[in-house]
Amino acid sequence: MTTSSTPGLARFNTQAAPEAAAALHEVCASGHWGSLILSRRPYATPEALFLANDAATAELSEKDLAEAMAGHPPIGRPEPGDPTSAREQRGMAGASDELRAEMLALNLAYQERFGHVFLICATGATGEQMRDALRARIANPPEREREIVRAELGKINRVRLTRLVQDS
């Protein structure tokens, strides 16, 4: 494989397995996903890593997908002290009390219907956009919603992998 195209990717490629695995767990809580990404190192380019993410996300079983989703707090309620979820959910930071209350009710209804948190790539989305997506998706059949969740997880992982391999 050729030399990595960024210092951040080179660092990831050469990290000891336990350190790289811990970094990957911050990207995605699925242990299987992390193992797949780790086993395919080294990556020649960030794009090669992103393609590996796509493949690994597609391979997740229902149990693996549930494990990944368990690592995500509900929209509008980022984990205290977790800069990643706060950054990704920035669109809810200035939300009105009315929007926050509506998101809480919709999140609870979604979780009751599907058995897991509402997962959306929230980076760059406004609170209203997230609410509108939640309103639309709550009516999906479970099979369709699983497809959307898998796609959203892949997007979230790409955003987080980009941060992981940034030049620094």
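**Helix packing and buried residues in a predicted model**

Q: At roughly what angle do the axes of helix α5 (residues 62–70) and α9 cross?
A: This is a predicted model, in which local features need pLDDT of at least 70, side-chain atom pairs count only at pLDDT 80 or more, and totals for chains, interfaces and linings use all residues. Residues are numbered from 1 along each chain as its sequence is written, and side-chain values use heavy atoms, with hydrogens and water left out. Helices are DSSP runs of H or I with at least four residues, numbered from the N terminus, while axes are lines fitted to C-alpha atoms, for helices over the stretch in contact, with angles running from 0 to 180 degrees between N-to-C directions. The axes of α5 and α9 come within 11 Å, and they cross at roughly 55°.

Q: Which term describes how α2 and α9 lie to each other?
A: Angles under 35 degrees count as roughly parallel, over 145 as roughly antiparallel, 65 to 115 as roughly perpendicular, and the rest as oblique. The helices α2 and α9 pack at an angle of about 140°, with their axes 9 Å apart, and therefore the term for α2 and α9 is oblique.

Q: Which residues in α9 do Ala23, Leu24, Glu26 and Val27 in α2 meet?
A: Contact means heavy atoms within 4.5 Å. By that rule, the four α2 residues Ala23, Leu24, Glu26 and Val27 meet, in α9, Asn157, Arg160, Leu161 and Leu164.

Q: Is Ser30 buried or exposed?
A: Ser30 lies in the loop between α2 (17–27) and α3 (31–39), and Ser30 touches Leu60, Asp64, Glu67 and Ala68, not counting residues up to four places away in sequence. Because the relative accessible area of Ser30 is 1%, this residue counts as buried.

Conventions. Helices (H or I, at least four residues) and strands (E, at least two) are DSSP runs, numbered from the N terminus. Buried means under 20% relative accessible area, exposed over 50%, partly exposed in between (1.4 Å probe, protein chains only).
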